[in-house]
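Let's take a friendly walk through this structure together. Keep the viewer open and follow along.

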Amino acid sequence: MAGETKPQTTSRIVPWLYWGLWPLHRLLLRLYFANITIIGRERLPKDGAFVLAPKHYSRWDPVILPLVWPRPLRFMTNAIEFGGVQGWFIRRLGAFAINLNRPQASSLRHTLDILKAGQPLVLFPEGGIERERPLRPLKPGLARLVLQADRPVPIFPVGIAYKPQPQFRARVTLYIAPPLWVEPSSPCRTTLKRRAQELTQELEAALLAAVVEATHYP
């Protein structure tokens, strides 16, 4: 219909809900897993925008990742996860939806708005859970987004390993690798495409190395 406004992507964090659930969240993880080890947390900046680019091995990944940062993180999340009670909670805990098959422009704009506001963001560069291979070949979506930011943004590859599997009393290791620093790219379409391909290759190599580090941790 002419003149109809398209829905805009938004995200928010409800403080009373987030911090009210925080002690229960920590208790749940302590009871379920034998231990959770985080290596490289000191590499994260104390403030400002940055991107965590984790290996996606399990549905537990986004539950564990908030442990690496003392303040709330924003999550780009598959739109299929926003149904029912789960959807009600994650909408209020910093997640925003993206259709992985047909990304909406509003989702991409909102991602840039988060970085422009100097807030940390979690993007799973594999686009879904992958357990059969150490790493699924990455698509250039994350790289294209960060290259369009209005400031240099560090990307931190995060390797995640569950031993023996993501199950009760498993041991979990998160390895936060040194950042890939990304300078904003020229708006020229050809230049942006080339830089996105190069950055994606760098990120894929760095994330695979981070997965190996997490897997080999005792």
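This is a predicted model: local features need pLDDT of at least 70, side-chain atom pairs count only at pLDDT 80 or more; totals for chains, interfaces and linings use all residues.

Residues are numbered from 1 along each chain as its sequence is written, and side-chain values use heavy atoms, leaving out hydrogens and water.

S106 sits in helix 4 (105-116); helices here are DSSP runs of H or I with at least four residues, strands are E runs of at least two, and both are numbered from the N terminus. S106 counts as buried because its relative accessibility is 9%, the cut-offs being under 20% for buried, over 50% for exposed and partly exposed in between, with a 1.4 Å probe and protein chains only.

T200, in helix 6 (residues 189-216), is buried too, since its relative accessible area is 8%. Its side chain reaches the backbone oxygen of A196 at 2.6 Å. Beyond its neighbours within four places in sequence, T200 is in contact (heavy atoms within 4.5 Å) with L138, K139, P140 and A143.

Now for the nonpolar cores, meaning sets of buried Ala, Val, Leu, Ile, Met, Phe, Trp, Tyr and Cys residues joined through side-chain atoms within 4.5 Å. In soluble globular proteins, nonpolar side chains tend to be buried together. The largest core here has 29 residues, and F33, L44, L52, I64, V68, Y162 and L174 touch the most other members. Helix 1 (15-32), strand 6 (153-163) and strand 7 (171-176) each give two or more residues to this core, with strand 6 giving the most, four. Leaving aside neighbours within four places in sequence, L44 is in contact with F50, L52, V68, W69, F156 and I176. Apart from this core lies another, of 28 residues, including L135, L138, A149 and L180.

Terms used:
A polar contact is a pair of N or O atoms within 3.5 Å; within protein, one must be able to donate a hydrogen and the other to accept it, and residues adjacent in sequence count only if both atoms are side-chain atoms.
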